[in-house]
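Here's a quick briefing to read alongside the model. Have the sequence and the fold open, and we'll go topic by topic.

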Amino acid sequence: MTVDLTDTSEVVTITIDSPDAIPALTGRAFTTPWFSVDPERSEQFEYSTYLDSYPHPYEEEDGDGYGDGLVEGFHILGMIDYLLNHVFESNFRCVPWNYGLDRVRFVSVVRVTDQFRITGTIRQVTDRGPQGYLVTADLTGQVRSREKPAFIATQHALWVVDNEAGPLGTKEPQQ
């Protein structure tokens, strides 16, 4: 996977100065850099998920399939963390844990020759007490020079903050 950092003029990052600033993220928009999937990594994904062990409908001889170089939709979803790590910056220790995806739709085909990025908006932040904050974001996978997106999804991540009590409030008090 290759992130294109030659032109970051459209990249929109979000910097969080303290845990108290997390609830104010609601409504904030972000945009990752453009990136593309290396063909070798696409093949590795197919191998590690056993997709290479049966005939794919996109490899049909009669031309009805998707064609060569398809990047599997779940491969693209698996890159959400990697890409969002390019736009969320915190000035404290904060670890976002995957909490799930809702309303995932694969709208158009992505190939290893395509560049795409993720744009999104923080829809909601829910305080989970000592667990941290549940951050819900609406995501769109945009494909360069294409009107239709690659995918749309709602992502939930539990942002665990390492404060004096430690992650999840697990540290014993100092005597």
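Is Arg103 buried or exposed? Arg103 is exposed, at 53% relative accessible area, where exposed means over 50%, buried under 20% and partly exposed in between (1.4 Å probe, protein chains only). Before going further: this is a predicted model, so local features need pLDDT of at least 70 and side-chain atom pairs count only at pLDDT 80 or more, while totals for chains, interfaces and linings use all residues. Residues are numbered from 1 along each chain as its sequence is written, and side-chain values use heavy atoms, with hydrogens and water left out.

**Overall layout**

- The protein has 3 helices and 9 strands; these are DSSP runs numbered from the N terminus (helices H or I, at least four residues; strands E, at least two).
- Along the sequence the order reads β-β-β-β-α-α-α-β-β-β-β-β.
- The protein has 175 residues, and 38% of them count as buried.
- Take the contacts with a separation of 6 or more: 72% of them join residues 24 or more positions apart, a contact being heavy atoms within 4.5 Å.
- The accessible surface comes to about 10500 Å², with 48% of it belonging to carbon and sulfur atoms; areas come from the Shrake-Rupley method with a 1.4 Å probe, and for residues only the protein chains shown count as cover.

**Strand pairing around β7**

- β7 pairs with β8 in the antiparallel sense, over 11 bridges; two strands pair if DSSP finds at least two bridges between them.
- Within that pairing, Thr126 sits opposite Leu134 of β8.
- β7 also pairs antiparallel with β3 (residues 29–31), this time over 3 bridges, and Thr31 has Thr119 of β7 as its bridge partner.

**The β7–β8 hairpin**

- β7 and β8 make a hairpin with 5 residues between them, and Gly129 in the turn has a positive phi of about 65 degrees.
- Asp127 belongs to strand β7 and is exposed at 52% relative accessibility.
- A polar atom of the Asp127 side chain lies 2.7 Å from the backbone nitrogen of Gly129.
- Setting aside neighbours within four places in sequence, Asp127 is in contact with Gly132 and Tyr133.
- Asp127 and Leu158 are 31 residues apart in sequence, and their C-alpha atoms are 9.7 Å apart.

**Nonpolar core**

- The largest nonpolar core has 36 residues, and Ile22, Phe30, Phe88, Phe151 and Trp159 have the most contacts inside it. Such a core is a set of buried Ala, Val, Leu, Ile, Met, Phe, Trp, Tyr and Cys residues joined through side-chain atoms within 4.5 Å.
- Elements that each supply at least two residues of this core include β2 (14–16), α2 (73–78), α3 (80–84), β7 (116–127), β8 and β9 (151–161).

**Aromatics**

- The whole structure holds 4 aromatic pairs. Rings of Phe, Tyr and Trp (its six-membered ring) pair if their centres lie within 6.5 Å; planes under 30 degrees apart are stacked, over 60 edge-to-face and the rest tilted.
- Phe88 and Trp159 form an edge-to-face pair, 5.5 Å centre to centre with 75 degrees between the planes.
- Phe88 lies in strand β5 (residues 88–90) and Trp159 in strand β9, so this pair ties together parts that are 71 residues apart in sequence.
- Both partners are tucked away: Phe88 is buried at 18% relative accessible area, and Trp159 is buried at 6%.
- Phe30, Phe88 and Trp159 form one aromatic cluster.
- Beyond its neighbours within four places in sequence, Trp159 has contacts that include Ile16, Ile22, Leu25, Cys94 and Val135.

- Thr136 lies in strand β8 (residues 133–143) and counts as buried at 6% relative accessibility.
- The Thr136 side chain makes a polar contact of 3.0 Å with the side chain of His156. A polar contact is a pair of N or O atoms within 3.5 Å; within protein, one must be able to donate a hydrogen and the other to accept it, and residues adjacent in sequence count only if both atoms are side-chain atoms.
- Not counting residues up to four places away in sequence, Thr136 touches Thr121, Ile122, Arg123, Gln124, Thr154, Gln155 and His156.

- Most residues other than glycine have a negative phi.
- Arg103, in strand β6 (residues 94–106), has a positive phi of about 50 degrees although it is not a glycine.
- Ser145 also has a positive phi, about 65 degrees, without being a glycine; Ser145 is in the loop between β8 and β9 and is exposed at 80% relative accessibility.
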